[in-house]
Amino acid sequence: MIGLIIKIFVCPITVMIAWLIFPNVEYSTIYQPIIVGLILAFSAHVMEVFILKKGTFWLSAILDFIAATVIVYVVSFFQVAQVSFFGAILTAVLLSVTELVQHNWLIKSGRTEKSPNPT
């Protein structure tokens with residue numbers, strides 16, 4: 001659960017940073033990158049729950065990058081924002097850096113351990 005809370009703050013901030021530094025990531029209002037970031041936060045959390053564990057660090061990182069690229073590009077398109085595919089890739093790179101740090105911390109702290117199913 002702490003991973004989701006962190007993502008709710010980190011993802012929108014990261015998308016807003018991408019908006020500020022990349023010329024091919026253009027939102028017309030402040031709420032647009034926040035919406036994209038929140039969608040990314042929830043989707044990344046769901047992916048972590050199902051995929052992330054000790055042996056899947058890099059698989060999870062690659063899938064997060066692909067998902068972030070698609071989500072940034074598609075959701076921004078529906079918000080009438082101007083985000084090129086390359087801008088979506090650059091934003092996904094920024095998000096992936098934050099995800100690598102979070103995944104490393106979650107694995108090392110044991111927060112990715114799943115409870116055994118009672119039988």
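Which helix gives the most to the lining of the largest cavity? Some notes on that and its surroundings follow.

1. First, the ground rules. This is a predicted model, in which local features need pLDDT of at least 70, side-chain atom pairs count only at pLDDT 80 or more, and totals for chains, interfaces and linings use all residues. Residues are numbered from 1 along each chain as its sequence is written, and side-chain values use heavy atoms, with hydrogens and water left out.

2. To the opening question: helix 4 gives the most, with four residues. Helices here are DSSP runs (H or I, at least four residues), as are strands (E, at least two), numbered from the N terminus. Helix 2 (31-51), helix 3 (57-78) and helix 4 (85-108) each supply at least two lining residues.

3. A search of the whole structure finds one cavity of 30 Å³ or more, and the largest cavity holds about 80 Å³ of space. A cavity is a set of points, on a 1 Å grid over the protein atoms alone, where a 1.4 Å probe fits but cannot get out; lining residues have an atom within 4 Å of a point. A volume is the space filled by probe spheres set on the points, which are joined across faces, edges and corners.

4. Among the lining residues are Cys11, Ala44, Asp64, Ser96 and Glu99. By class, the lining has seven nonpolar, two polar and two charged residues; Ala, Val, Leu, Ile, Met, Phe, Trp, Tyr, Cys and Pro count as nonpolar, Asp, Glu, Lys and Arg as charged, and the others, Gly among them, as polar.

5. Do look at Lys7, in helix 1 (residues 2-21). Lys7 is buried, with a relative accessible area of 0%; buried means under 20% (1.4 Å probe, protein chains only). Its side chain joins that of Glu99 in a polar contact of 2.7 Å, that is, a pair of N or O atoms within 3.5 Å, one able to donate a hydrogen and the other to accept it; residues adjacent in sequence count only if both atoms are side-chain atoms. Leaving aside residues up to four places away in sequence, Lys7 touches several residues, including Ala44, His45, Glu48 and His103, where contact means heavy atoms within 4.5 Å.

6. Just after helix 4, Gly110 takes a positive phi of about 80°.

Methods: Buried means under 20% relative accessible area, exposed over 50%, partly exposed in between (1.4 Å probe, protein chains only). On a 1 Å grid over the protein atoms alone, a cavity is a set of points where a 1.4 Å probe fits but cannot get out, and a pocket is an open set with protein on both sides within 12 Å along at least five of seven lines; lining residues have an atom within 4 Å of a point.
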